[in-house]
Amino acid sequence: MAKITYIEHGGTEHVVDVANGLTVMEGARDNNIPGIEADCGGACACSTCHVYVDPAWVAKLPAKEDMEEDMLDFAYEPDPARSRLTCQLKVTDALDGLIVKMPEKQI
């Protein structure tokens, strides 16, 4: 289980425990976190679960695969270093303390 902090664009923080094996997107969905729409349900076929990873966590996450890179091209104001799709981040104990911030909107 990992404690993950989701920060809405306006600054509201949601700290939730997410079970190992789920994705960061599923953790947001299951806890009704606003700002992550996840229109494709986690298939990496859209960019509506886009977040900015806290700078301290960028190097700790697995590298982006090509499909995620391609989908981030459609995200709202992607940041080459910090943008990730939460559907592609599998929760493990190693993600305990992860902080993600939602963009102003999802497209």
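1. A quick definition to start: a residue is called exposed when its relative accessible area is over 50%, and buried when that value is under 20%. Glu77 has 53% relative accessibility, so this residue counts as exposed. Please keep in mind as you read on that the model is predicted.

2. Staying with Glu77, you will find this residue in the loop between helix 2 and strand 4. Its backbone deserves a look: phi is near 45°, a positive value in a residue other than glycine. For context, most residues other than glycine have a negative phi.

3. Asn32 is another one to check. Its phi is positive too, at about 55°, and Asn32 is not a glycine. The residue sits in the loop that runs between helix 1 (24-30) and strand 3 (50-53). With a relative accessibility of 67%, Asn32 counts as exposed.

4. Now to the charged pairs. How many salt bridges does a search of the whole structure find? The search gives 3. As a reminder, side chains of opposite charge can pair when their charged atoms come close.

5. One of these salt bridges joins Arg84 and Glu68, whose side chains meet at 2.8 Å, N to O. The pair links distant parts of the chain, with Arg84 in strand 4 (residues 83-85) and Glu68 in helix 2, 16 residues apart. Are these two residues buried or exposed? Both Arg84 and Glu68 are buried. For Glu68 the relative accessibility is 2%, so this residue falls in the buried class.

6. Helix 2, where Glu68 is found, covers residues 66-72. If you set aside neighbours within four places in sequence, Glu68 is in contact with Cys44, Arg84, Leu85 and Gln88. The side chains of Glu68 and Arg84 are also joined by a polar contact of 2.8 Å.

7. Lys3 and Asp17 form another salt bridge, and their closest N and O atoms are 3.0 Å apart. Lys3 is partly exposed at 40% relative accessibility, and Asp17 is partly exposed at 43%.

8. Finally, have a look at Arg29 and Asp30, whose side chains meet in a salt bridge of 2.9 Å, N to O. Arg29 has a relative accessible area of 45% and is partly exposed. Asp30, at 43% relative accessibility, also counts as partly exposed.

How values were computed. Residues are numbered from 1 along each chain as its sequence is written. This is a predicted model: local features need pLDDT of at least 70, side-chain atom pairs count only at pLDDT 80 or more; totals for chains, interfaces and linings use all residues. Side-chain values use heavy atoms; hydrogens and water are left out. Helices (H or I, at least four residues) and strands (E, at least two) are DSSP runs, numbered from the N terminus. Buried means under 20% relative accessible area, exposed over 50%, partly exposed in between (1.4 Å probe, protein chains only). A polar contact is a pair of N or O atoms within 3.5 Å; within protein, one must be able to donate a hydrogen and the other to accept it, and residues adjacent in sequence count only if both atoms are side-chain atoms. Contact means heavy atoms within 4.5 Å. A salt bridge is a side-chain nitrogen of Lys or Arg within 4 Å of a carboxyl oxygen of Asp or Glu.
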